[in-house]
Amino acid sequence: MRNEGGKVGLGAIALQGVRRAELTPGERVAVIGLGLIGQLTVQILNAYGFPALGLDVSQKQVERVLKLGLQEGAVIGQDDVEKVASSFSDGQGVDAVIITAATKSDDPVELAGRICRDKGRVSAVGDVRMDIPRNIYYEKELDLRISRSYGPGRYDPNYEEKGIDYPIGYVRWTEERNMEEFLRLISIGRVDVKPLITHIFKIEDALKAYELILENPNKEDFTAVLLEYEPKIEYRATVLYVALDQEYVSQDQFDAIYQQAVQVKNLLHGFIRYLRKSKPGKED
(Lines give C-alpha, C1' and ligand atoms only; values in the text may rest on other atoms or scores of the structure.)
Protein backbone atom coordinates (compact mmCIF):
# COMPACT_ATOMS: atom_id res chain seq x y z
CA MET A 1 0.00 0.00 0.00
CA ARG A 2 3.04 2.26 -0.33
CA ASN A 3 1.85 4.23 -3.38
CA GLU A 4 -1.72 4.38 -2.11
CA GLY A 5 -0.60 5.65 1.29
CA GLY A 6 1.11 8.58 -0.41
CA LYS A 7 -2.33 10.11 -0.96
CA VAL A 8 -3.39 9.99 2.69
CA GLY A 9 -3.14 13.77 3.18
CA LEU A 10 -5.31 14.46 0.15
CA GLY A 11 -7.70 11.75 1.27
CA ALA A 12 -8.08 13.42 4.66
CA ILE A 13 -8.88 16.72 2.93
CA ALA A 14 -11.58 15.04 0.85
CA LEU A 15 -12.96 13.22 3.90
CA GLN A 16 -13.15 16.41 5.94
CA GLY A 17 -15.13 18.04 3.12
CA VAL A 18 -17.61 15.18 3.31
CA ARG A 19 -17.84 15.51 7.09
CA ARG A 20 -18.55 19.25 6.85
CA ALA A 21 -21.60 18.45 4.72
CA GLU A 22 -23.06 16.55 7.72
CA LEU A 23 -24.76 13.93 5.57
CA THR A 24 -27.40 11.54 6.83
CA PRO A 25 -28.29 8.14 5.30
CA GLY A 26 -30.17 8.39 2.02
CA GLU A 27 -29.09 11.91 1.12
CA ARG A 28 -27.88 12.72 -2.37
CA VAL A 29 -24.80 14.80 -3.01
CA ALA A 30 -23.34 16.79 -5.89
CA VAL A 31 -19.59 17.24 -6.27
CA ILE A 32 -18.45 20.27 -8.28
CA GLY A 33 -14.93 19.82 -9.65
CA LEU A 34 -13.66 16.35 -10.54
CA GLY A 35 -9.93 16.80 -10.19
CA LEU A 36 -7.92 14.71 -7.75
CA ILE A 37 -9.73 15.87 -4.59
CA GLY A 38 -13.08 15.62 -6.34
CA GLN A 39 -12.40 12.06 -7.47
CA LEU A 40 -11.37 11.05 -3.96
CA THR A 41 -14.54 12.69 -2.64
CA VAL A 42 -16.70 10.68 -5.04
CA GLN A 43 -15.03 7.45 -3.92
CA ILE A 44 -15.53 8.31 -0.25
CA LEU A 45 -19.20 9.06 -0.87
CA ASN A 46 -19.52 5.72 -2.65
CA ALA A 47 -17.82 3.97 0.26
CA TYR A 48 -20.44 5.33 2.67
CA GLY A 49 -23.36 4.68 0.32
CA PHE A 50 -24.23 8.25 -0.70
CA PRO A 51 -25.36 8.63 -4.34
CA ALA A 52 -23.16 11.24 -6.03
CA LEU A 53 -23.64 13.54 -9.01
CA GLY A 54 -20.33 14.72 -10.44
CA LEU A 55 -20.01 18.05 -12.25
CA ASP A 56 -17.02 19.42 -14.12
CA VAL A 57 -16.22 21.73 -17.04
CA SER A 58 -14.28 18.89 -18.69
CA GLN A 59 -16.20 16.12 -20.42
CA LYS A 60 -13.11 13.93 -20.22
CA GLN A 61 -13.02 14.28 -16.42
CA VAL A 62 -16.70 13.42 -16.10
CA GLU A 63 -16.29 10.32 -18.28
CA ARG A 64 -13.23 9.24 -16.29
CA VAL A 65 -15.01 9.47 -12.94
CA LEU A 66 -18.11 7.68 -14.25
CA LYS A 67 -15.82 4.70 -14.80
CA LEU A 68 -14.76 4.92 -11.14
CA GLY A 69 -18.32 4.45 -9.87
CA LEU A 70 -19.90 7.91 -10.11
CA GLN A 71 -23.69 7.44 -10.27
CA GLU A 72 -24.33 10.33 -12.65
CA GLY A 73 -22.34 13.14 -14.24
CA ALA A 74 -22.85 16.32 -16.22
CA VAL A 75 -20.58 18.75 -18.04
CA ILE A 76 -20.84 22.36 -16.89
CA GLY A 77 -21.37 24.68 -19.83
CA GLN A 78 -22.52 21.82 -22.05
CA ASP A 79 -25.33 19.98 -20.25
CA ASP A 80 -28.39 21.44 -18.52
CA VAL A 81 -26.87 20.93 -15.08
CA GLU A 82 -29.90 22.16 -13.13
CA LYS A 83 -32.18 19.77 -15.01
CA VAL A 84 -29.78 16.87 -14.42
CA ALA A 85 -29.54 17.71 -10.70
CA SER A 86 -33.34 17.95 -10.43
CA SER A 87 -33.77 14.54 -12.05
CA PHE A 88 -31.03 13.05 -9.87
CA SER A 89 -32.79 14.28 -6.72
CA ASP A 90 -36.39 13.45 -7.75
CA GLY A 91 -37.13 17.11 -8.32
CA GLN A 92 -36.18 18.22 -4.81
CA GLY A 93 -32.65 19.51 -5.33
CA VAL A 94 -29.60 17.74 -3.91
CA ASP A 95 -29.25 17.61 -0.15
CA ALA A 96 -25.67 18.86 -0.18
CA VAL A 97 -23.01 20.12 -2.56
CA ILE A 98 -19.29 19.63 -2.03
CA ILE A 99 -17.17 22.10 -4.00
CA THR A 100 -13.76 20.68 -4.88
CA ALA A 101 -13.06 22.98 -7.83
CA ALA A 102 -10.29 25.60 -7.86
CA THR A 103 -11.05 28.83 -9.69
CA LYS A 104 -10.98 32.59 -9.25
CA SER A 105 -14.63 32.63 -10.31
CA ASP A 106 -17.57 32.38 -7.93
CA ASP A 107 -19.50 30.28 -10.47
CA PRO A 108 -19.19 27.05 -8.39
CA VAL A 109 -20.69 28.77 -5.34
CA GLU A 110 -23.56 30.13 -7.41
CA LEU A 111 -24.15 26.79 -9.14
CA ALA A 112 -24.16 25.02 -5.77
CA GLY A 113 -26.90 27.33 -4.57
CA ARG A 114 -29.02 26.74 -7.67
CA ILE A 115 -28.97 22.93 -7.49
CA CYS A 116 -29.28 22.59 -3.70
CA ARG A 117 -32.63 21.89 -2.06
CA ASP A 118 -34.29 24.18 0.46
CA LYS A 119 -32.17 24.33 3.65
CA GLY A 120 -29.41 22.29 2.03
CA ARG A 121 -25.68 22.50 2.80
CA VAL A 122 -22.69 23.59 0.73
CA SER A 123 -19.22 22.39 1.79
CA ALA A 124 -16.42 24.42 0.21
CA VAL A 125 -13.18 22.44 -0.02
CA GLY A 126 -11.59 23.98 -3.12
CA ASP A 127 -10.02 27.42 -3.47
CA VAL A 128 -12.88 29.29 -5.12
CA ARG A 129 -14.04 32.88 -5.05
CA MET A 130 -16.86 33.41 -2.56
CA ASP A 131 -19.05 36.30 -3.63
CA ILE A 132 -22.17 34.67 -2.25
CA PRO A 133 -25.33 35.29 -4.32
CA ARG A 134 -27.54 36.46 -1.45
CA ASN A 135 -30.91 35.94 -3.12
CA ILE A 136 -30.25 32.28 -3.92
CA TYR A 137 -28.80 31.44 -0.51
CA TYR A 138 -31.35 33.53 1.40
CA GLU A 139 -34.44 32.20 -0.34
CA LYS A 140 -33.38 28.60 0.31
CA GLU A 141 -31.77 29.36 3.69
CA LEU A 142 -28.66 27.43 2.66
CA ASP A 143 -25.71 26.74 4.94
CA LEU A 144 -22.25 27.43 3.51
CA ARG A 145 -19.48 25.64 5.41
CA ILE A 146 -15.75 26.06 4.87
CA SER A 147 -13.78 22.83 5.08
CA ARG A 148 -10.34 23.50 6.54
CA SER A 149 -7.73 21.12 5.22
CA TYR A 150 -7.34 17.74 6.99
CA GLY A 151 -9.72 18.50 9.87
CA PRO A 152 -9.61 19.63 13.52
CA GLY A 153 -6.06 20.15 14.70
CA ARG A 154 -4.88 21.75 11.48
CA TYR A 155 -2.87 24.93 12.15
CA ASP A 156 -2.91 24.25 15.90
CA PRO A 157 0.77 24.15 16.99
CA ASN A 158 -0.12 22.30 20.19
CA TYR A 159 -1.65 19.51 18.12
CA GLU A 160 0.64 19.42 15.10
CA GLU A 161 3.98 20.30 16.63
CA LYS A 162 3.67 19.21 20.25
CA GLY A 163 1.50 16.15 19.62
CA ILE A 164 -1.23 17.13 22.09
CA ASP A 165 -4.30 15.23 20.90
CA TYR A 166 -7.94 16.29 21.27
CA PRO A 167 -9.98 13.91 23.47
CA ILE A 168 -12.06 11.66 21.25
CA GLY A 169 -15.13 12.31 23.38
CA TYR A 170 -15.02 15.97 22.42
CA VAL A 171 -13.50 15.87 18.92
CA ARG A 172 -14.30 12.58 17.22
CA TRP A 173 -12.54 13.25 13.92
CA THR A 174 -9.21 15.05 14.14
CA GLU A 175 -6.87 15.33 11.17
CA GLU A 176 -4.99 12.22 12.32
CA ARG A 177 -8.17 10.22 12.77
CA ASN A 178 -9.37 11.36 9.34
CA MET A 179 -6.13 10.02 7.88
CA GLU A 180 -6.55 6.74 9.75
CA GLU A 181 -10.08 6.37 8.39
CA PHE A 182 -8.94 7.06 4.84
CA LEU A 183 -6.28 4.37 5.20
CA ARG A 184 -8.93 2.00 6.50
CA LEU A 185 -11.13 2.64 3.45
CA ILE A 186 -8.15 1.83 1.22
CA SER A 187 -7.29 -1.30 3.20
CA ILE A 188 -10.80 -2.77 2.81
CA GLY A 189 -11.01 -1.89 -0.87
CA ARG A 190 -13.69 0.80 -0.59
CA VAL A 191 -11.34 3.46 -1.97
CA ASP A 192 -8.86 2.77 -4.77
CA VAL A 193 -6.35 5.50 -5.50
CA LYS A 194 -4.30 3.48 -7.98
CA PRO A 195 -6.38 4.54 -11.02
CA LEU A 196 -5.77 8.17 -10.05
CA ILE A 197 -1.97 7.88 -10.21
CA THR A 198 -1.13 8.83 -13.78
CA HIS A 199 2.61 9.47 -13.41
CA ILE A 200 5.36 8.09 -11.17
CA PHE A 201 8.82 9.66 -11.09
CA LYS A 202 11.96 8.58 -9.30
CA ILE A 203 13.01 11.24 -6.86
CA GLU A 204 16.12 11.84 -8.98
CA ASP A 205 13.74 12.96 -11.75
CA ALA A 206 11.73 15.27 -9.53
CA LEU A 207 12.41 18.24 -11.81
CA LYS A 208 10.56 16.42 -14.58
CA ALA A 209 7.58 16.07 -12.26
CA TYR A 210 7.67 19.80 -11.52
CA GLU A 211 7.88 20.51 -15.24
CA LEU A 212 4.85 18.33 -15.92
CA ILE A 213 2.75 20.00 -13.24
CA LEU A 214 3.83 23.61 -13.73
CA GLU A 215 4.48 23.76 -17.47
CA ASN A 216 3.22 20.53 -19.05
CA PRO A 217 5.12 21.08 -22.33
CA ASN A 218 3.68 17.93 -23.95
CA LYS A 219 0.09 18.71 -22.92
CA GLU A 220 -0.28 15.42 -21.06
CA ASP A 221 -3.35 14.46 -19.03
CA PHE A 222 -2.44 13.95 -15.40
CA THR A 223 -4.28 13.56 -12.13
CA ALA A 224 -1.94 12.37 -9.37
CA VAL A 225 1.83 12.60 -9.76
CA LEU A 226 3.90 10.48 -7.40
CA LEU A 227 7.54 10.83 -6.38
CA GLU A 228 9.07 7.46 -5.56
CA TYR A 229 12.23 6.79 -3.60
CA GLU A 230 13.98 3.98 -1.81
CA PRO A 231 13.86 4.63 1.95
CA LYS A 232 17.38 3.30 2.52
CA ILE A 233 19.01 5.70 0.07
CA GLU A 234 20.32 8.90 1.64
CA TYR A 235 20.21 12.06 -0.43
CA ARG A 236 22.37 15.08 0.32
CA ALA A 237 19.67 17.46 -0.91
CA THR A 238 15.92 16.97 -0.81
CA VAL A 239 13.71 17.64 -3.79
CA LEU A 240 12.63 20.85 -2.08
CA TYR A 241 16.17 22.24 -2.07
CA VAL A 242 16.58 21.20 -5.70
CA ALA A 243 13.36 23.04 -6.60
CA LEU A 244 14.63 26.17 -4.83
CA ASP A 245 18.00 25.93 -6.52
CA GLN A 246 16.38 25.61 -9.95
CA GLU A 247 14.02 28.52 -9.12
CA TYR A 248 10.89 26.39 -9.47
CA VAL A 249 9.80 27.84 -6.12
CA SER A 250 10.55 31.20 -4.48
CA GLN A 251 12.18 31.58 -1.07
CA ASP A 252 8.77 32.41 0.47
CA GLN A 253 7.25 29.30 -1.10
CA PHE A 254 10.21 27.25 0.12
CA ASP A 255 9.76 28.52 3.67
CA ALA A 256 6.03 27.76 3.63
CA ILE A 257 6.52 24.25 2.24
CA TYR A 258 9.33 23.60 4.71
CA GLN A 259 7.01 24.46 7.61
CA GLN A 260 4.39 22.11 6.18
CA ALA A 261 7.03 19.39 5.97
CA VAL A 262 7.82 19.87 9.66
CA GLN A 263 4.12 19.47 10.46
CA VAL A 264 3.89 16.33 8.33
CA LYS A 265 6.91 14.90 10.12
CA ASN A 266 5.10 15.30 13.42
CA LEU A 267 1.96 13.70 11.99
CA LEU A 268 4.01 10.69 10.92
CA HIS A 269 4.66 9.88 14.55
CA GLY A 270 0.91 9.49 14.92
CA PHE A 271 0.80 7.18 11.90
CA ILE A 272 3.52 5.01 13.40
CA ARG A 273 1.48 4.67 16.59
CA TYR A 274 -1.59 3.79 14.52
CA LEU A 275 0.25 1.17 12.48
CA ARG A 276 1.67 -0.41 15.62
CA LYS A 277 -1.83 -0.73 17.03
CA SER A 278 -3.28 -2.16 13.78
CA LYS A 279 -3.64 -5.85 13.19
CA PRO A 280 -1.11 -7.31 10.74
CA GLY A 281 -2.60 -7.56 7.23
CA LYS A 282 -1.52 -8.73 3.84
CA GLU A 283 1.77 -7.44 2.56
CA ASP A 284 1.76 -5.12 -0.46
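Modeller: A nonpolar core is a set of buried Ala, Val, Leu, Ile, Met, Phe, Trp, Tyr and Cys residues joined through side-chain atoms within 4.5 Å. Keep in mind that this is a predicted model. The largest nonpolar core holds 39 residues, and the members that touch the most others are Leu 23, Ile 44, Leu 45 and Phe 182. Two or more residues each come from helices H2 (8-20), H3 (36-47), H4 (59-66) and H9 (175-187), and from strands S1 (29-32), S4 (94-99) and S8 (224-228). H3 gives the largest share of this core, seven residues.

Take Leu 45 as an example. Leaving out residues up to four places away in sequence, Leu 45 touches Val 18, Leu 23, Val 29, Val 31, Phe 50, Ala 52 and Ile 98. Apart from this core lies another, of 22 residues, including Ile 32, Ala 85, Ile 99 and Val 122. In soluble globular proteins, nonpolar side chains tend to be buried together.

H2, one of the contributing helices, is mostly covered, with 10 of its 13 residues buried. Among them are Val 8, Ile 13, Leu 15 and Val 18, but also Gly 9 and Gln 16. From first C-alpha to last, H2 reaches 18 Å, close to the 18 Å expected at 1.5 Å a residue. Just after H2, Glu 22 takes a positive phi of about 50°.

Ile 146, in strand S6 (residues 143-146), counts as partly exposed because its relative accessibility is 46%.

Definitions and conventions:
Residues numbered from 1 in each chain as written. Predicted model: local features only at pLDDT ≥ 70, side-chain atom pairs only at ≥ 80, totals over all residues. Heavy atoms only, no water. Buried < 20%, exposed > 50% of the residue type's maximum accessible area, 1.4 Å probe, protein only. Helix = DSSP H or I, 4+ residues; strand = E, 2+ residues; numbered from the N terminus. Contact = heavy atoms within 4.5 Å. Expected span 1.5 Å × (residues − 1).
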